[in-house]
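Please keep the sequence and the structure in view while reading.

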Amino acid sequence: MADGDVPEPTLQNIIDQPELKWIFVGGKGGVGKTTTSSSLAVALAERGGRNNVLIISTDPAHNLSDAFRQKFTKTPTLVNGFTNLFAMEVDPTLDLGDMEQLEWAQDSFLTDLAGSIPGIDEAMSFAEVMKQVQTMDYSTIVFDTAPTGHTLRLLNFPTILEKGLSKLVALKGAVGGMMGPMSRMLGVSGPEADNLPDQLLGKVEGMLDVVRKVSAQFRDPLLTTFVAVCIPEFLSLYETERLVQELAKFEIDCRNIVINQVIFPESVGSSRLLEARVRMQQKYLDQFYELYEDFHILRLPLLEEEVRGPEALRAFSQNLLQPYVPPAPQEEAGSSGREAALQAEVAALKRRVAELEAQLAGRQ
């Protein structure tokens, strides 16, 4: 984009960047993150030239299944009606039963050590998901994230893991010499006793390599970007500003903002309520454009119905790639509905005046 140019108000820049590996979609609760992420995944699968696209929901209150009208689990599933779009729903905060199935949790010693580091269990679960995803052949992975606070914690997991696992690796030097005698006291003898520290911490070091690789990719704007989703209201504006600032601290690229539930003046008709909402929304829209003048800001309309099912998502995804143009207001017999109502009211008043004049004339 040349200096002085206004960024295009679409998400076409994401479609045109085939190197993108990780795309996070997030924002305040109830602003349309799932609809936006699902529509973006559909656009990437159909128009982005990607071999395989995976959309992952990390929100404990999963909505992907509702959006696509198809049941998804923690295993990638092909979306009905597509050949290259897959979906899965995972919960980074695994319960105890799921935790025991993770590779790193098979050793009680390592689990106990990990449990002493705040947040490490949740972060390790996330790392396991990343490890699983990286072994699969997906060109692009779209994250339908939880509300802002959970998302920021999710994005901070690589840092938590790197610090926590580095501490565990550091313990290898401190207690490595003691582990052999301790193991023999516990009944482990021979070469196994001497190799126990390496066996346990070798898994940690392997996971640390994965975490460092993911962390580096998250900080590379060629590989990762974040799409902020919001609505034109004060709380959402405030939350978006906090999100953008935190993403800057994490060095994660964010250059696209989707503003959902916009009421366009052309669609107001005769509703005074909608007119008031338009004025209120315009105040916050102006602030968005002032704060993020170098962002791609996309406005999407408030719809009469939910966007559910593959075909509805296909149709809605077109709004991500070209500015939304509201339909012209419908007119009846050359007049708008409001004008027709006013004319009918005037005609009724004229008839009433004529009746009163006739009554007065009869009394005289």
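A charge is said to sit over a ring if NZ of Lys or CZ of Arg is within 6 Å of the ring centre and within 35 degrees of the ring normal. In this predicted model, the charged end of arginine 314 sits over the ring of phenylalanine 82, at 4.2 Å from its centre.

Elsewhere, Trp22, Phe24, Phe143, Phe218 and Phe226 are linked by ring pairs into a cluster.

| Residue | Relative accessible area | Class |
|---|---|---|
| Phenylalanine 68 | 2% | buried |
| Phenylalanine 72 | 1% | buried |
| Phenylalanine 234 | 49% | partly exposed |

Phenylalanine 234 belongs to helix α9, which covers residues 234-249, and together with Leu235 and Tyr238 this phenylalanine forms a nonpolar patch on the surface, with about 350 Å² of accessible area in total.

Is helix α2 largely enclosed by the rest of the structure or largely exposed? Of its 15 residues, 12 are buried, so α2 is largely enclosed by the rest of the structure; among these buried residues are Lys33, Leu40, Val42 and Leu44. Helix α2, which runs over residues 33-47, reaches 20 Å from its first C-alpha to its last, close to the 21 Å expected at 1.5 Å a residue. Glycine 49, which follows α2, has a positive phi, near 70°.

Definitions and conventions:
Residues numbered from 1 in each chain as written. Predicted model: local features only at pLDDT ≥ 70, side-chain atom pairs only at ≥ 80, totals over all residues. Heavy atoms only, no water. Buried < 20%, exposed > 50% of the residue type's maximum accessible area, 1.4 Å probe, protein only. Phe/Tyr/Trp six-rings, centres within 6.5 Å; stacked < 30°, edge-to-face > 60°. Patch = residues over 30% accessible without salt bridge, like charges linked within 9 Å, V, L, I, M, F, W, Y side chains within 5 Å. Areas by Shrake-Rupley, 256 points an atom, 1.4 Å probe, with all protein chains shown as cover. Salt bridge = Lys/Arg side-chain N within 4 Å of Asp/Glu carboxyl O. Helix = DSSP H or I, 4+ residues; strand = E, 2+ residues; numbered from the N terminus. Expected span 1.5 Å × (residues − 1).
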